[in-house]
Amino acid sequence: MFGGFNTSSSALTTQRLRMDVISSNMANAETTRAQQVNGEWVPYRRKMVVVEPNQKTPFSSYLHTAMGQKGEIGSGVKASAIVEDQNPFKLVYDPSHPDANVEGYVELPNVDPLREMVDLTTATRSYEANVTTLNATKNMLMKALEIGR
C-alpha cells in the first residue's frame with residue numbers, strides 16, 4: 001500500500017544528495033588547495049553520486065508484476081557511494097597565481113560549471129517529478145479512503 005511512498009521518498013532523498021554534491025562542486029570550482037598529498041597541495045576533485053536500485057531486481061519481474069503474474073515490487077533507489085572524478089585537472093597559464101608551477105601553470109579543479117548546471121537541472125527535475133508522484137499517490141489513497149466511507 002505504501003510502496004509508492006517508499007519509492008518516491010527514496011528518490012527524493014537521493015536527488016537531494018545529488019544536489020548537495022553538485023553545490024559543493026560548484027562552490028569549489030576554483031579551489032586549488034583542497035587537500036595535501038605527499039606534502040603538496042592538490043586541487044579539489046569533482047565528486048559524483050553513484051545511484052543504484054534498492055533491490056537488484058531484473059526488469060522482467062516488474063513486467064510480470066504489471067501483467068498480474070508473481071514478481072517482486074521495486075523499492076526505490078539509493079546512493080551507494082560518492083566517488084571522485086578521476087579526470088585530469090585543468091592547466092591554466094597564470095604565472096601571477098600563488099599556486100603556479102615553475103612554468104607558470106596552475107592546476108585547477110576538474111569541475112566544469114556547465115556540466116554541473118546540467119546535472120543540477122536534471123536532479124532538480126527528477127526531484128520535482130518525484131514530488132508530483134508522491135502527491136498523486138497521496139491523492140489516490142485519500143480518494144480510496146473517501147470511497148470507503
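Predicted model: local features only at pLDDT ≥ 70, side-chain atom pairs only at ≥ 80, totals over all residues.
Biologist: How many salt bridges does the structure hold?

Modeller: The structure holds 10 salt bridges. A salt bridge is a side-chain nitrogen of Lys or Arg within 4 Å of a carboxyl oxygen of Asp or Glu. Residues are numbered from 1 along each chain as its sequence is written, and side-chain values use heavy atoms, with hydrogens and water left out.

Biologist: Why can such side chains pair?

Modeller: Opposite charges can pair when the charged atoms of the side chains come close.

Biologist: Which residue does Arg46 meet in a salt bridge?

Modeller: Glu116. The N to O distance is 2.4 Å. The pair links distant parts of the chain, 70 residues apart. Arg46 sits in the loop between strand S2 (40-42) and strand S3 (47-53), while Glu116 is in helix H3 (residues 113-147). Helices (H or I, at least four residues) and strands (E, at least two) are DSSP runs, numbered from the N terminus.

Biologist: Arg46 and Glu116: buried or exposed?

Modeller: Both are buried. Buried means under 20% relative accessible area, exposed over 50%, and partly exposed in between (1.4 Å probe, protein chains only).

Biologist: Which residues are linked with Arg46 and Glu116 in a network of salt bridges?

Modeller: Asp85, Arg115 and Asp119 join them in that network.

Biologist: Where does Asp85 lie?

Modeller: Asp85 is in the loop between strand S4 (77-84) and strand S5 (90-93). Asp85 counts as buried because its relative accessibility is 7%. Leaving out residues up to four places away in sequence, Asp85 touches Arg45, Arg46, Met48, Asn110 and Arg115. Contact here means heavy atoms within 4.5 Å.

Biologist: Back to H3. What does Arg125 form a salt bridge with?

Modeller: With Glu128, the closest N and O atoms being 3.7 Å apart. Both lie in helix H3, 3 residues apart, about one turn of the helix. An α-helix has 3.6 residues a turn, so residues three or four places apart point the same way. Arg125 counts as exposed because its relative accessibility is 55%. Glu128 has a relative accessible area of 40%, so it is partly exposed.

Biologist: And which residue does Lys143 meet in a salt bridge?

Modeller: Glu146, at 3.9 Å from N to O. Lys143 is at 52% relative accessibility, so it counts as exposed. Glu146 is partly exposed, with a relative accessible area of 43%.

Biologist: How many residues does H3 have?

Modeller: H3 has 35 residues. From first C-alpha to last, H3 reaches 51 Å, close to the 51 Å expected at 1.5 Å a residue. That expected span is 1.5 Å times one less than the number of residues.

Biologist: Which residues of H3 are buried?

Modeller: Glu116, Ala123, Asn130 and Thr137 are buried in H3. Helix H1 (3-27) is part of what covers the buried residues of H3.

Biologist: New topic. How many helices and strands are in the chain?

Modeller: There are 3 helices and 6 strands. From the N terminus on, the order is α-β-β-β-α-β-β-β-α. Of the 149 residues of the chain, 23% count as buried.

Biologist: Which phi stands out at Asn38, positive or negative?

Modeller: Positive, at about 55 degrees, although Asn38 is not a glycine. Asn38 lies in the loop between strand S1 (35-37) and S2. Asn38 counts as exposed because its relative accessibility is 78%.

Biologist: What about Leu91, where does it lie?

Modeller: Leu91 lies in strand S5. Its relative accessibility is 54%, so Leu91 counts as exposed. Beyond its neighbours within four places in sequence, Leu91 is in contact with Tyr105, Val106 and Glu107.
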